[in-house]
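Subject: Handing over a model, with notes on its cavities and helices

Hi,

Here is the structure I said I would pass on. Have a look at it first, then read my notes below.

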Amino acid sequence: MHQTVAATIDTSRRWRVLAIVVAAQFMFGVDAFIVNVALPTIATELGASSSQLETVIAVYLIGYATLIVTGGRLGDIFGTKTVFLLGVAGFTLTSLWCGLARSGPELILARLAQGTTAAFMVPQVLATLHVLFPDAARAKAFAIYGTVLGLAGATGFALGGLLVTLDLGGFGWRSIFYVNGPVGLIIIAAAARVMPQTPRRPGTRLDLGGAVILFAGLVCVIGPLLFGRDVGWAGWVWAVMAGGGAMLALFLRYERRVAACGGMPVVDLTLLGDRAFIRGLGAVFCFFFANQSFYLVMTLYMQLELHVPPLQAGLVFLPLALAFVIASRHSGARARRRGTLVLIEGCLLQIAGLGLIAATATVIAAPTPFVLALALLVAGYGQGLVMAPLSGVVLSSVQATSAGSGSGLYGTTTQIASAAGVAALGSVYFTLGQNGSGRLALLGALALLGLAIAGCIGLLRWMRRAVAVAA
């Protein structure tokens with residue numbers, strides 16, 4: 001099926017297409033992290049409260065996670081190129097709106113819109129790679145994608161600190177959003193010229209009812225995870241989450257009814273019967289639970305406990321990014337030969353890296369940014385071994401006609417996991433920090449991160465058995 005669809009579109013320029021779509025993925029990833037180091041400046045200029053600052057980060061994830069499955073399905077229906085171009089245009093415009101915001105509430109609305117438009121742009125990245133690279137070059141293409149995905153986080157921290165410090169054109173923190181303007185225009189122009197269009201599905205339309213139920217259910221699940229700590233995890237928070245879970249269960253029943261009536265569900269239900277894919281999503285959840293929250297914990301420790309300035313805090317992650325790139329270049333070829341074993345090795349290295357960071361913080365009362373940067377190298381190399389080939393391995397059993405839906409489920413899983421990780425690790429860190437010390441808070445958070453990575457190892461081994469059975 002992969003080859004049948006790929007044969008109907010022009011794949012002669014696929015490496016240029018790869019560069020274009022991963023540039024869009026990079027832009028999205030950078031914006032997930034770049035705001036962190038600019039928050040103090042934003043608070044001063046806009047008079048934003050602490051809760052508003054947290055919401056600026058949270059709504060970006062919520063807008064993205066709740067609509068990414070719908071965005072992926074729209075790509076299946078109308079073609080990835082069309083939806084990708086609309087998504088990039090929307091992301092570029094809403095980025096400019098973020099930079100023009102004059103108050104905390106307006107910035108929150110702009111960030112919500114920015115995350116929402118990303119939900120239409122990002123699924124088309126994986127879907128395009130999935131269709132254009134069905135052959136031996138697939139592992140290399142997904143390794144490049146994974147490298148860009150990992151570098152976005154470290155780049156976001158460093159670039160945010162640099163732009164705020166340089167104050168280019170007197171724009172201050174606004175320049176972290178304005179930079180997306182020219183980048184977005186270049187991506188649109190290049191994609192319109194080079195990117196091929198996948199075949200549309202005539203006579204099909206979006207399952208609007210399913211999209212609404214999924215959106216409401218995910219909002220009710222993710223929202224409390226992000227804001228629950230601010231209200232002391234009150235009883236109504238758990239009630240809302242339970243209601244969200246019930247809506248997601250209703251969503252699956254509704255989707256089966258849509259399929260039985262000959263309609264096109266938001267989620268391709270054949271994916272739910274793919275054991276390898278579902279177990280792979282479980283591993284993805286555990287990995288991303290420990291990914292963004294890892295950067296959060298290290299940032300909190302450096303800024304709140306060690307009082308490292310924003311620019312230096314961002315630069316600490318650059319050696320990690322270098323190790324990540326080196327590992328990513330190695331992982332593609334290894335994954336072709338050894339499959340999930342490479343991912344398991346990467347997870348083990350991550351656990352070793354977390355242990356090294358914990359040992360450093362235990363032995364040295366106030367480790368310098370240079371020492372922390374060295375300790376982060378091992379964890380970064382392990383991350384690179386996992387993240388680069390992870391999406392390709394998990395999506396390997398998905399049919400090309402369901403590439404958008406599969407990519408949407410993959411993206412939703414990563415964002416729900418990231419939100420859950422930020423909520424859980426943030427709660428652990430602040431609770432232990434209030435009742436103990438910053439060092440104790442770091443050690444407790446690192447222990448939870450290690451457990452999540454161990455869970456990823458277990459699910460990867462389970463997925464490997466499902467692949468062996470299917471073969």
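First, the ground rules. This is a predicted model, so to speak of local features we need pLDDT of at least 70 and side-chain atom pairs count only at pLDDT 80 or more, while totals for chains, interfaces and linings use all residues. Residues are numbered from 1 along each chain as its sequence is written, and side-chain values use heavy atoms, with hydrogens and water left out.

**Cavities**

Searching the whole structure turns up 3 cavities of 30 Å³ or more. The search runs on a 1 Å grid over the protein atoms alone: a cavity is a set of points where a 1.4 Å probe fits but cannot get out, a pocket is an open set with protein on both sides within 12 Å along at least five of seven lines, and lining residues have an atom within 4 Å of a point. Points are joined across faces, edges and corners, and a volume is the space filled by probe spheres set on them.

The largest cavity comes out at about 330 Å³. It has 29 lining residues, and those closest to its centre are Gln25, Phe28, Leu149, Phe288 and Gln415. Two or more lining residues come from each of helix H2 (14–33), helix H4 (50–78), helix H7 (123–132), H8, H14, H18 and H19. Helices here are DSSP runs (H or I, at least four residues), numbered from the N terminus. H19 gives the largest share, 6 residues. By class, the lining has 17 nonpolar, 12 polar and no charged residues. For the classes, Ala, Val, Leu, Ile, Met, Phe, Trp, Tyr, Cys and Pro are nonpolar, Asp, Glu, Lys and Arg are charged, and the others, Gly among them, are polar. Where does the largest cavity lie? Domain 1 (1–195) and domain 3 (270–470) both give residues to its lining, so it lies between them; the domain bounds come from an automatic or database domain assignment.

The second largest cavity holds about 40 Å³ of space. Its lining is made up of Ala290, Phe294, Gln350, Leu354, Ala379, Gln383, Leu449 and Ile453, with helix H17 (340–363), H18 and helix H20 (438–470) each giving two or more of them. That splits into 6 nonpolar, 2 polar and no charged residues.

**The second largest pocket**

This one has a volume of about 470 Å³. Of its 17 lining residues, Leu272, Ile278, Leu281, Leu409 and Thr413 are closest to the centre. Helix H11 (208–227), helix H12 (235–260), helix H13 (275–289) and helix H19 (403–435) each supply two or more.

H18 covers residues 369–394; its 26 residues reach 36 Å from first C-alpha to last, close to the 38 Å expected at 1.5 Å a residue (the expected span is 1.5 Å times one less than the number of residues). H18 also has a kink of about 35° centred on Leu377, where the bend is the angle between axes fitted to the seven residues ending there and the seven starting there. Of its 26 residues, 19 are buried. Buried means under 20% relative accessible area, exposed over 50%, and partly exposed in between (1.4 Å probe, protein chains only).

As for H7, 10 of its 10 residues are buried, so the rest of the structure largely encloses it. His130 belongs to H7 and has a relative accessible area of 1%. His130 and Gly392 are 262 residues apart in sequence, but their C-alpha atoms are 8.0 Å apart.

**Loop residues**

His307 sits in the loop between helix H14 (292–305) and helix H15 (310–315). Its phi is near 55°, a positive value in a residue other than glycine. Is His307 buried or exposed? It is exposed, at 62% relative accessible area.

Gly172 is in the loop between helix H8 (138–166) and helix H9 (175–178), and counts as buried at 14%. Pro196, in the loop between helix H10 (180–194) and H11, is buried too, with a relative accessible area of 11%.

Cheers
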